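User: I'd like to go through this structure step by step. Can you take my questions one at a time?

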Amino acid sequence: MIPFQIKATCALFSVNSETIYYFLLYFFIPLIVLFVVLIIFSLLYSRYSGDKNDDIKENIENEINSFLTELIFSDYKPKEIKNKINEFKLKHPLNNNLRKYILDKIIHIKENLNETNEHTILLIYKYFGFDEISNKLIRNRKWSSKSEAFHHYQNIGYKIKTGHLKQFLDSKNTALRSNAIIALISLSDKKFDVLDNYKYNISKSDEVKILDIIYRKKSNIPKNISNWLNSKNDSIVIIAIKLIVRFRQQENLSLAQISILLKSENPTVRKEVILAIRELVMFEANEIIMAHFKVETNLRNKISVIKTLNIIGTTENINILSVLLKQEENLELDLKLEIVNFINKMDASFFNNFKFSKEEKNTELQKMIAHSNCPYLN
Amino acid sequence: MIIKSNNALGVSIVAPAFNEGLTIISNVKSLLSQEYPKFEVVIINDGSTDDTLEKLISEFDLVKVDFFYIEKIKTEPVKGHYRSTNPIYNKLLVVDKVNGKSKADASNAGINSTKYSLFICTDVDCILRRDTIAMLVKPFLESDKKVIAAGAALRISNSCTFKEGMLYESHYPNNFFARFQELEYIRSFIFGRMAWSKLNGLLLVSGGLGIFDKDTVNAVGGYWNKSLGEDLELITRMRMYMHEQKKDFEIKYIPESLCWTQVPDDKKVFIRQRVRWARGLIQTLVLHRKLFFNPKYKKTGLIVFPYYVFCELIVPVLEAIGLVVLLLNIYFFGINIPFLLAVSFAVYSFYVLITLSSIFLDQMIHKQYSNLKEVIQLILMVFIEPIIYHPLNVYASLKGYTHFLLQKEKKWGEMSRKGFKTAN
């Protein structure tokens, strides 16, 4: 029984005081204490078992390394590989941790050594039963498990699974869709036609991954690159421009095409074109880019144009830009500095006779010139 | 892959230094050893009265250069910029300025001197993981929305050992105060920040480590140099700006330990730091009170800001009032001991459960400590923390609020650097 005193105090509350007391005493506190004990136990157990697993891994690391090296670099027939793996499995019963550890090792070897036999790696993957694991993962409802399976296929080079991946290209889950497209490009032949009709936005990090895959495949520039340049998907256009730069395929980027691309509403596309002109040293694009400078609204792109002129600019550009310097007194300082730097690099004596009407502007100009001339700042 | 890419986004690391002569060289070398293709390190010597600048000049072969300084954010005068004549250190820029009596002012001068569109703000005594830039830049590369800032987990370096400017072994701190702060950091970063990040409701990216979109920071005028919680205040203003511009945005938290920092290990410095934090909190919430339940600021005004008011600002006050009421009750009316014990134990055990859950998640994700013994020590501390450490925090918070209400002059104080343990 709850003491009378308690009843009196708690009568102030609308909830019956006895109910609160008994709720705390017989439900809430025991439940919390149970959770506390469970968490402490799990914490200690997971740490202890984790340390133990690390010890096991450490102990057999050398054995696994030499076993995998032997399998990958010897000319064993498929049957011999199967037998050796079965022997290994008998000697070291594989738990989930060890399985994951070995699979990661195989992927690591495949990723880091160029001269590996893809067929042998695939056989090892299958005979260890890792394909079963990947299949289970891909059937799992969690997107992260599916992505892990994509990662296995991609890194092992399991091309037969490309059909399974295509269904995820229209997934509503952005991360899953992104992982699927990366895996598909990696597993596809060298045509990369999966990108032809891809309608979703590709993030900058995926862009980097896609470009890296294409470079690593050592293929020629994709034949459908001109279609990509005309794609309605800006991400595909950006990838196309980057590939043209990487493969130095200037002929795929005509002046007409540049003019069209510079009219894009997306400032990132415009910036990519400006960078391409710079990287490909396209002197013939000088007029186009100068004309574009006047209509460009994005400050960073304007600065980029001037930086490009540092590579392909001529003395004619100096006249236009110096007029701009005088006319537009409130020009952004970053842009102004870039223009002064360009002119100064093109013609070191130009500013000897160049004066603003306001003295403070002249002082500012001198500081910009000093910055431009400093060998440690450029 | 991003680390190797030619298409990486450029990032500037901004690190203010004030009287850091003891550790400045190793810390700058540590910052310079980041594995990332396109970055610069901007160190701001904020009018140090020791030999910080001299040491930098001599170690890195610095010379004064004619840097064209664009003061987009107003700061105390900049005396000069220094670059190295040694190509090995061509990523280093040192800004020498007049002391502005705040980290905010120094950071602003650094931001004005950066050349890339993203910058990381950190303390010069922080040790960063070698892939910190690559990790922090990821949300900016992956998100469909505009990311304006991102942060990551900070850990306590007091008992860790470092080798060549990098973390070598992570240990649970030996010091009494540092131990409790470790618990607090884990709880805050694992439970608090991760959850708010999921809701895109982060209002705080720690001053110890955060990456920011420079254009947005410039648009809001940079750090406010009169703020005592400049990190919280900046993010609040950035969120307000984005809402006012009706632009979609994200602030991300990366669940990785990327930064190790020294925390106060004596009571005096600890209380001083917490008083400043509390004062910074109330200052920011009062300054931006128009956000409170203002639908114009959407999630920030309707959820995040009220949360900070009710759960961060008011809680210490409620705890103090609760204690006073309890004492008055005992004195005037007598007390129902069984009921009091039941309620107190329920609250205590719930507190312990939350902290333990954070530690559990932390161990699952980071497996931070070197051995099982340290994990056991950490667990034991969980049970003492609510009784010993938490009241100190409440005291510091109330003191901070009082200082704010009485408009006491702000004092930064100095935290003496002890250097790091280095492994052979």
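Analyst: First, a definition: a residue is buried if 20 or more other C-beta atoms (placed from the backbone) lie within 10 Å of its own, exposed if 12 or fewer, and partly exposed in between. This is a predicted model, where local features need pLDDT of at least 70, side-chain atom pairs count only at pLDDT 80 or more, and totals for chains, interfaces and linings use all residues. Residues are numbered from 1 along each chain as its sequence is written, while chains are lettered from A and ligands numbered from 1 in the order in which they are written.

User: Is Y331(B) buried or exposed?

Analyst: Y331(B) sits in helix α9 (residues 298-333) of chain B; helices are DSSP runs (H or I, at least four residues), numbered from the N terminus. Inside 10 Å it has 9 C-beta neighbours, so Y331(B) counts as exposed.

User: Which helix of chain A gives the most to the side that touches chain B?

Analyst: Two residues are in contact if their C-beta atoms, placed from the backbone, lie within 7 Å. On that basis, 42 residues of chain A are in contact with 37 residues of chain B. α1, α2, α10, α18 and α19 of chain A each supply at least two residues of that side. With 19 residues, the top contributor is α2(A).
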